[in-house]
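Please look through the sequence and the model below before reading on, and keep both in view.

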Amino acid sequence: MREVSVKDTASGERKPIDPGVPVSIYACGPTVYSRIHIGNARPFVVFSLFSRFLRSEGYDARLVVNVTDINDKIYEAATAAGVGSEDLAKEMTAAYLADTDRLGLGRPDSEPLASETIGPIIDLIEDLIEKDNAYESGGDVYFSVRSFPDYGSLSHRDPDEMDQGEPDDGSPKRDPLDFALWKAQKEGEDTSWDSPWGPGRPGWHIECSAMAEQEADGLPLAIHGGGSDLVFPHHENEIAQSEAARGVPLAGIWMHNGMIETDREKMSKSEGNIFQLSKALDRYGSEAVVSFLVSGHYRQPLAFGEEGLEEAVARNERIRNFFREAGADGAEPDSAALESLERFRDALADDFNTPQALAELFDLLRRANQGEASGVAPVMREMLGLLGLERLAEVEEGVDEEALALLEERETARAGGDFEQADRIRDRLAELGWEVRDSQDGASLVRLNRS
RNA sequence: GGCGCCUUGGCGGAGUGGUUACGCAGCGGCCUGCAAAGCCGUUUACACCGGUUCGACUCCGGUAGGCGCCUCCA
């Protein structure tokens with residue numbers, strides 16, 4: 001077990017993860033009002049792989065990724081589509097699960113729904129009211145930001161300098177900074193839950209505070225994460241709610257992933273520059289999508305373009321070629337291979353530097369091809385597994401009889417010097433989806449399909 | 001305006017006070033009947049200006065440009 005450290009958004013410093021206790025990780029998942037795009041997939045991939053890495057190092061990691069299925073956006077989208085908001089939320093939750101399933105990374109250990117956490121949410125709000133950190137106003141309940149002195153510590157903001165741009169007249173809030181914990185049901189909203197304050201629904205941030213403490217073995221969480229666009233106000237508000245109510249920190253480390261960008265702009269539904277995850281999976285395959293997402297450091301923005309996905313396909317193909325040539329090599333890893341694996345793991349332990357790890361992988365790949373390292377296949381398999389790319393080690397099987405017969409025919413033609421016939425057969429094989437590769441050991445067939 | 005962050009070779013993208021990141025693409029070569037795959041080589045990379053230093057792409061200060069958040073957002 002090596003020391004794994006992560007840069008913490010709140011302190012700006014790298015913090016080691018405590019190996020002696022269970023590592024609870026809570027990452028904010030999507031609000032389900034439409035199909036998710038590649039940008040939404042990034043935290044899913046990052047936190048899935050990071051917890052996978054922690055486990056492989058012997059940490060007792062547990063990953064929770066919630067689904068926010070109650071939200072203003074859902075009402076809006078449902079109204080626009082002419083369907084019930086509950087139906088839309090259910091449909092989009094199912095789509096989210098199906099889309100992320102296709103990434104082939106398995107599921108988080110728990111995926112709680114806001115709609116199934118109403119009881120704990122109400123309890124938490126009641127606690128906050130009791131402690132004078134929240135107040136009811138006309139069926140709504142608001143968190144009193146001024147009652148929480150540390151407000152702004154995560155996002156490095158001073159409440160006094162926040163411009164809410166909202167005049168006080170007629171607002172149910174006592175202070176423009178306050179935010180809703182509970183919203184009374186409004187006209188046009190087709191779902192509601194009973195509460196001590198009347199029918200309504202939770203505000204945006206409270207569901208995560210409730211789900212986080214439900215899922216963790218007590219606060220603080222080891223790591224709380226999500227996209228960097230959630231730092232303020234979402235995570236700041238979560239901290240205020242949870243810490244005011246419980247008197248302990250919400251999380252030891254705040255881990256935020258950077259945005260996927262197109263044309264130097266954040267990919268977002270409101271910008272309209274999105275690329276759906278399912279579309280990327282259809283077109284390029286899951287390995288390409290995962291490979292693309294691990295090609296940049298999780299904390300930095302990552303430029304998206306279809307070229308990036310095509311590049312990932314090419315990169316993956318090179319790895320597959322290695323296994324086609326050397327996959328069956330049963331040699332024990334030599335020191336070069338083992339040292340490379342150490343560096344690979346060191347890179348991941350150092351703020352989960354996947355591009356650095358990928359560089360190690362390719363460095364080893366090159367040296368294996370050059371014959372400078374042996375017993376590389378099992379090491380490479382382990383590396384790929386840690387990046388969620390283990391399927392690249394699977395070499396295609398089941399070359400059909402027809403193709404094999406054609407290949408033999410071609411060999412005969414080549415041996416007889418009839419290269420025109422040999423090339424005709426090669427073209428024919430290409431039509432059947434096979435690429436012919438000659439080597440000193442004879443010819444072999446490789447599937448032509450992408451990714 | 002406030003807070004946070006960024007500016008690396010054709011593109012993507014790491015990193016370090018002094019040595020080739022890595023990948024993709026291109027070009028040349030080896031291999032091949034020709035290709036493909038693989039290998040080798042290759043295209044004077046670190047926004048700009050100062051400072052610290054024996055030495056800075058890497059530290060400090062400033063300039064310019066860009067991005068994110070401050071409203072829903074992974």
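Predicted model: local features only at pLDDT ≥ 70, side-chain atom pairs only at ≥ 80, totals over all residues.

**A walk through the model**

Three strands make up an open sheet in the order β12-β11-β13, and the pairing in this sheet is mixed; strands here are DSSP runs of E with at least two residues, helices are DSSP runs of H or I with at least four residues, and both are numbered from the N terminus. Two strands are said to pair if DSSP finds at least two bridges between them. The edge strands are β12 (265–266) and β13 (302–303), each of which pairs on one side only. Strand β11 (residues 260–262) is joined to β12 by two bridges, and these two strands run antiparallel, with E261 standing opposite K266 in β12.

Residues are numbered from 1 along each chain as its sequence is written, chains are lettered from A and ligands numbered from 1 in the order in which they are written, and side-chain values use heavy atoms, with hydrogens and water left out.

Taken as a whole, chain A contains 14 helices and 15 strands, and its C-alpha atoms fill a box of roughly 95 × 50 × 35 Å along the principal axes. Of the 451 residues of chain A, 53% count as buried, where buried means under 20% relative accessible area, exposed means over 50% and partly exposed lies in between, computed with a 1.4 Å probe on protein chains only.

A second open sheet has four strands in the order β4-β3-β9-β10, and here the pairing is parallel. Its edge strands, each pairing on one side only, are β4 (61–65) and β10 (251–257). On average, neighbouring strands of this sheet are turned by 20° against each other, direction ignored; axes are lines fitted to C-alpha atoms, for helices over the stretch in contact, and angles run from 0 to 180 degrees between N-to-C directions. Within the sheet, strand β3 (residues 23–27) and strand β9 (residues 221–227) pair in the parallel sense over three bridges, and Y26 stands opposite H224 in β9. Helix α1 (residues 38–56) packs on this sheet and touches β3, β4, β9 and β10, while its direction makes about 165° with that of β4; contact means heavy atoms within 4.5 Å.

Other strands can be followed through one residue, Y142. Four bridges join strand β5 (residues 134–137) to β6 in an antiparallel arrangement, and there Y135 stands opposite Y142. The hairpin of β5 and β6 has two residues between the strands, and in this hairpin G138 takes a positive phi near 60°. On β6 also pairs strand β7 (residues 179–184), in the antiparallel sense over three bridges, and the bridge partner of Y142 in β7 is A180. In a regular strand the side chains alternate between the two faces of the sheet. In strand β6 (residues 140–143), D140 and Y142 point one way and V141 and F143 the other way, and all are buried.

Helix α6 (residues 231–246) has 13 of its 16 residues buried, and just after α6, G247 takes a positive phi of about 75°. R410 lies in helix α13 (residues 401–415) and is buried, with a relative accessible area of 2%. Apart from its neighbours within four places in sequence, R410 is in contact with A422, I425, R426, V436, D438 and A443.

Helix α11 (residues 354–370) gives the largest share of the surface near RNA strand B, seven residues. A polar side-chain atom of W204 lies 2.7 Å from a phosphate oxygen of RNA strand B, and an N or O atom in the side chain of D423 is 2.7 Å from a base nitrogen of RNA strand B.

How values were computed. Polar contact = N/O pair within 3.5 Å; in protein donor to acceptor, adjacent residues only side chain to side chain.
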